[in-house]
Amino acid sequence: MATYIAKRLIQGLVVLLGVSMICFIIFRYMGDPVLTMAGKYATFQEREEVRRALGLDKPTYVQYARFIWNAAHGNFGKSYISRVPALGLILERFPATFELATTATLLAFLMGVGLGVLVALKPRAWQNRLIMAGSLGGISMPTFLIGILLIMIFAVYAGVLPPFGRGQTVTIGFWRTGLLTVDGWKHLIMPAVTLATFQLAVLLRLTRAGMREVLTEDYIKTAWAKGLPPLKVIFKHALRNVLIPVVTVAGLQFGEVIAYSIVTETIFQWPGMGNLILTSIFESDQPVVVTYIMLAAFMIISINTIVDILYAILNPKIRYA
Amino acid sequence: MSHSSHLLDVQQLKTYFYLFDGVARAVDDVSFYLDRGEVLGVVGESGCGKSVTAQSIMRLIPDPPGRILSGRITFDGLDLVQLSMEQMRGIRGKRIAMIFQEPMTSLNPVFTVGDQVAEMFRLHEHCSRHESLERAVEMLARVQVPAPEKRVHEYPHQLSGGMRQRVMIAMALACQPQILIADEPTTALDVTVQAQILDLMTRLKHEIDTAIMMITHDLGVIAEMARRVVVMYAGKVVEEADTASIFNHPRHPYTRGLLKSMPRIGDRAEKKRRRLSEIQGMVPGLLALPEGCRFHPRCPDAMAVCRRQLPALELLEPHHKVRCWLYLSA
Ligand SMILES: Nc1ncnc2c1ncn2[C@@H]1O[C@H](COP(=O)(O)OP(=O)(O)OP(=O)(O)O)[C@@H](O)[C@H]1O
Ligand SMILES: [Mg+2]
């Protein structure tokens, strides 16, 4: 188990190094930082000074080493626009995105697995056929359409939910949370549902397919033959086996959810990282973009590693591999 | 409520499967009984309805597509066919247990074998977690799993096929059931392991005083274990007698064919090597059963009447029933 985890960690580091190389190239060769920093009307001398100050006169490999060194210390440079450290700028937005993505993933997981099991048990009931048709809709409808429809129905027409923003928040240490106020939850519902829809539909279909397959396995027949009640057979003996692939996918999707949140955050004016990154791309604010990419890569790799370990715990067969 | 002197009395059981292509009459008017503490052999080629009969007794027929159409399964004054699923759960595992053909897939891969055996004690005897695990260790020791206190913490994939089948037996016998239905328990195992498992079952049968319904297509297993034999063909019982009569005076041409297809010591040494399978053709598909006697297309002794009319299962001599026109006057 320990070697297994060590192997996964090393793999993660290698991928992270690869991403850093791409980031460095973006940082160094897309747009001219000197021009941005010194301004259009700077003299040649002034530009050279900025170049030296930024270390851009050194050979490329020295620059890359310095980039890695700084990155490892959480220093990705200052935003060209707001002139504050890029990492701080992003981390400030992180709680909003994290809360949204976590809520959406939990919602998708609980509803997806619950409905998936329900549908698998009685595939022919009309309610369940309806759920399956709905899930097809959930997969094929674009996120922005779902968001706009929700706003139209619940904010504009019914007027029960606020259409944008994060509402009232409470700050605990560095973490600004919207989960402690009723207003915060009201603001969270629609973006979370919007973000969760696709994931929910995928997990539902995956659970249903897995459940239908597992229910025909011999060990389920054994479980019935033991005299176990249906709840035990389904939720203990069958679901545990179905969950192995479902948890894997749900975990991997968490990374996707953070990525997709760019669209959702834009629709609902959610003050998260996705919203920030979109603005930064428009403004060629390279340090912020690069920091975001590195941070996203770091998060996704961490999540994947955790998922792999979780998978090993759920599935005894690979624990010794 | 019906009463019967037998421990288990199956009467005119019909279990059909309603498939897209038609109705598969997997078990069609099957009757037999099982007495306290005896071993009954059920033989027949693949697909003749042995497993469906066993699953009908346990009420494990998947519905849809299957259904027990009619018949009675009397056990201890109860008709199992009429019981609710909740009542049935008090019988399954506790009073009638079952083990399956495939030890490789019959244990749940994500739980330790100790958990799976202990579950029986928690479920039927309301033992605590700790006590049930201790009793699981005891049970594994009884089925001769080496180092049971270590094995309880292992997962099925860490055990060999023979060990897994021992675990299945431990699980099945945990609550000392009155009946053990063993559906081809040794088919998937090596010959030496087969013999060990059969020995184990014989020994435990005496210790626990369980009646065994031994389903197999291996007549060697029957010869070794069973006191009486039921021979099935295409969803029907074709012959029923004590083991000695079946081996010494088989009546039904199908039973004779099965016996002839048994390999014997010295066969290879004989000048003309006999073909292993003596019965021509294959078991008919259940959706396209022949008219009359279901065996007649493959029967060496088929007569005109066999093609037209199904013979009844008749008592030929005491304790020997046959379903064949050769012994009946039409
Ligand atoms: N779940 C099912 N769905 C549809 N048909 C089934 C099902 N189970 C059994 N049958 C039908 O019942 C017939 C008898 O099957 P059964 O499993 O009882 O045979 P068997 O005598 O146990 O054979 P084997 O020696 O191969 O185990 C099969 O040929 C099949 O057509
Ligand atoms: Mg079978």
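**Ligand and pockets**

Mentor: Let's begin at ligand 1. Helix H1(B) gives the largest share of the shell around ligand 1, with three residues. Keep in mind that this is a predicted model.

Trainee: Which elements supply at least two residues of that shell?

Mentor: Strand S1 (8–19) and helix H1 (50–57), both of chain B.

Trainee: And how many residues surround ligand 1?

Mentor: There are 16. The closest are B:Ser46, B:Gly47, B:Ser51, B:Val52 and B:Glu184.

Trainee: How do they divide into nonpolar, polar and charged?

Mentor: Eight are nonpolar, five are polar and three are charged.

Trainee: What about B:Gly47? How far is its polar backbone atom from an oxygen atom of ligand 1?

Mentor: That distance is 2.8 Å. B:Lys50 has a backbone N or O atom 2.9 Å from an oxygen atom of ligand 1. For B:Gly49, a backbone N or O atom is 3.1 Å from an oxygen atom of the ligand.

Trainee: How much of ligand 1 does the protein bury?

Mentor: Taken alone, ligand 1 exposes 630 Å². The protein buries 69% of that.

Trainee: New topic. How much space lies in the largest pocket?

Mentor: About 1,400 Å³. Its lining has 29 residues. Nearest its centre are A:Trp224, B:Ile61, B:Pro62, B:Asp63 and B:Pro64.

Trainee: Which element gives the most to that lining?

Mentor: H9(A), with four residues. H9 covers 218–225 of chain A. Other elements that supply at least two residues include helix H5 (86–121) and helix H10 (230–267) of chain A.

Trainee: What classes of residue are in the lining of the largest pocket?

Mentor: The lining of the largest pocket has 16 nonpolar, two polar and 11 charged residues.

Trainee: Now the second largest pocket. How much space is in there?

Mentor: About 530 Å³. Of its 21 lining residues, the closest to the centre are A:Phe27, A:Leu54, A:Asn70, A:Phe76 and A:Gly77.

Trainee: Which elements give two or more residues there?

Mentor: Four helices of chain A: H1 (2–29), H2 (33–38), H3 (44–54) and H4 (60–72). H4(A) has the largest share of that lining, four residues.

Trainee: And how do the residues of that lining divide?

Mentor: Into 11 nonpolar, six polar and four charged.

How values were computed
Residues numbered from 1 in each chain as written. Chains lettered and ligands numbered in written order. Predicted model: local features only at pLDDT ≥ 70, side-chain atom pairs only at ≥ 80, totals over all residues. Heavy atoms only, no water. 1 Å grid on protein atoms, 1.4 Å probe; cavity = no way out; pocket = protein on both sides within 12 Å on 5 of 7 lines; lining within 4 Å. Points joined across faces, edges and corners; volume = space filled by probe spheres on them. Nonpolar A, V, L, I, M, F, W, Y, C, P; charged D, E, K, R; others polar. Near = heavy atom within 4 Å. Polar contact = N/O pair within 3.5 Å; in protein donor to acceptor, adjacent residues only side chain to side chain. Areas by Shrake-Rupley, 256 points an atom, 1.4 Å probe, with all protein chains shown as cover.
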